[in-house]
Amino acid sequence: DCNGKSLLHAPRSLPSNITSLDLSFNNLVMPHHGTLLLHFPSLRSLNLSSNALLVLSPAAFSNLGALRLLDLSSCSIAYLYTDAFKGLGNLHTLLLRNNSLQELEVPFFLPLKALFHLDLQHNMLVSVDALSLQLMEAVPQVRLEGNPWVCDCAAYPLQRWLQRRQAVQVTCASPPGLQGREVAALHSQDLGCRMKQRFPRGVSTAQQITVPHSNTTTSPSGKGGRSWPYLVGFLVAAIGISILIALAAKCKLFHKNFASYRHRPLPETSSIGGNPMEDGSGWDRGFSGRGASKSHPSAADLQAEDDDGFIEDNYIQPSEQLPEEEERESHLSI
């Protein structure tokens with residue numbers, strides 16, 4: 001118990017195995033760098049209330065890993081550094097009432113994994129952001145009374161958070177029309193938030209207004225009014241696919257017919273490389289002059305011999321063709 005001793009620094013003669021230390025109502029000066037207390041690994045409770053601790057330097061309590069309770073009430077604290085409570089992973093209770101805190105930054109809560117009770121009463125808090133409220137969800141007990149809360153639309157997340165917590169005695173300080181009213185009991189309209197009224201698509205304004213001098217109202221179409229664009233899209237897609245299939249089928253049939261018309265009839269030649277009329281007359285003259293018994297095979301004979309419709313490469317034998325010299329001699333003899 002070292003309270004009320006007008007101490008500027010923590011006494012160095014304290015044993016290192018102490019578990020509780022009361023340094024309240026002194027004039028302690030926080031170091032700008034380093035920790036406030038050294039070599040107290042077993043310390044579980046630390047009371048620093050009513051000291052002129054204007055600013056908590058980063059990692060001021062980083063060597064107090066076993067600390068469970070930290071009382072910083074009435075220390076005129078106006079700002080908390082990001083790492084002000086670094087190393088306090090086992091802290092259970094944090095008392096910050098009767099200070100001058102105007103805002104809570106999100107990183108302030110990150111090192112406090114085991115925090116159970118947080119006292120922020122009678123500070124200068126006017127609002128809390130939604131992310132800080134989300135982090136405070138993990139803290140079972142949070143005291144926010146006595147702060148000058150501004151109950152405008154920015155306080156809507158706080159109002160919802162207090163409703164879920166069933167918190168009481170958290171009242172508005174402004175505007176004047178809401179002064180003294182509990183924040184959790186307000187509605188979004190009271191906070192000045194204009195919530196957009198949601199209507200289903202496809203419902204006209206006339207369907208939502210009651211017809212004057214009549215007891216009947218037109219009911220909104222609901223989801224049915226939104227179904228016709230999907231139906232039209234489905235029909236258009238089905239018709240398009242049908243047209244593509246029909247075009248593909250017609251193109252295939254056209255290609256097949258076009259390929260069949262490309263066949264050409266076989267030439268009606270009786271000799272290789274010759275005119276059928278000239279060859280026929282030449283053969284007749286040659287054989288009539290010499291009285292040869294051989295005759296040229298007719299088209300009917302060829303058709304009779306070749307019933308399978310194919311033409312062989314050696315159908316006309318070389319022996320059946322007269323050489324040019326023999327034909328020339330037959331003409332000279334005539």
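## Strands and the loop holding S49

Helices (H or I, at least four residues) and strands (E, at least two) are taken here as DSSP runs, numbered from the N terminus. On that basis, S49 belongs to the loop that connects β2 (45–47) with β3 (55–56). The model is a predicted one, in which local features need pLDDT of at least 70 and side-chain atom pairs count only at pLDDT 80 or more, while totals for chains, interfaces and linings use all residues. Residues are numbered from 1 along each chain as its sequence is written, and side-chain values use heavy atoms, with hydrogens and water left out.

S49 has a relative accessible area of 9% and is therefore classed as buried (under 20%, with exposed over 50% and partly exposed in between, for a 1.4 Å probe and protein chains only). Its side chain makes a polar contact with the side chain of N47 at 2.8 Å; such a contact is a pair of N or O atoms within 3.5 Å, where within protein one must be able to donate a hydrogen and the other to accept it, and residues adjacent in sequence count only if both atoms are side-chain atoms. Once residues up to four places away in sequence are set aside, S49 touches S24, F25, D71, S73 and C75 (heavy atoms within 4.5 Å).

## S20 in strand β1

S20 is part of strand β1, which covers residues 20–22. Apart from neighbours within four places in sequence, S20 is in contact with L43 and S45. The C-alpha atoms of S20 and L69 are separated by 9.3 Å, although these residues are 49 residues apart along the chain.

## Cavity and pocket

The structure holds 1 cavity of 30 Å³ or more, and the volume of the largest cavity is about 60 Å³. On a 1 Å grid over the protein atoms alone, a cavity is a set of points where a 1.4 Å probe fits but cannot get out, whereas a pocket is an open set with protein on both sides within 12 Å along at least five of seven lines, and lining residues have an atom within 4 Å of a point. The largest cavity is lined by A78, Y79, L80, L101, E103, L104, E105 and F108.

The second largest pocket contains about 360 Å³ of space. Its lining comprises 16 residues, and A10, R12, L36, L37 and L38 are those nearest its centre.

## Residues 228–249

An unreviewed UniProt entry places the feature "transmembrane region" at residues 228–249; annotations of this kind may be inferred rather than shown by experiment. In the model, this stretch is 100% helix and 0% strand, with its end C-alpha atoms 32 Å apart.

Definitions and conventions
Grid points are joined across faces, edges and corners, and a volume is the space filled by probe spheres set on the points.
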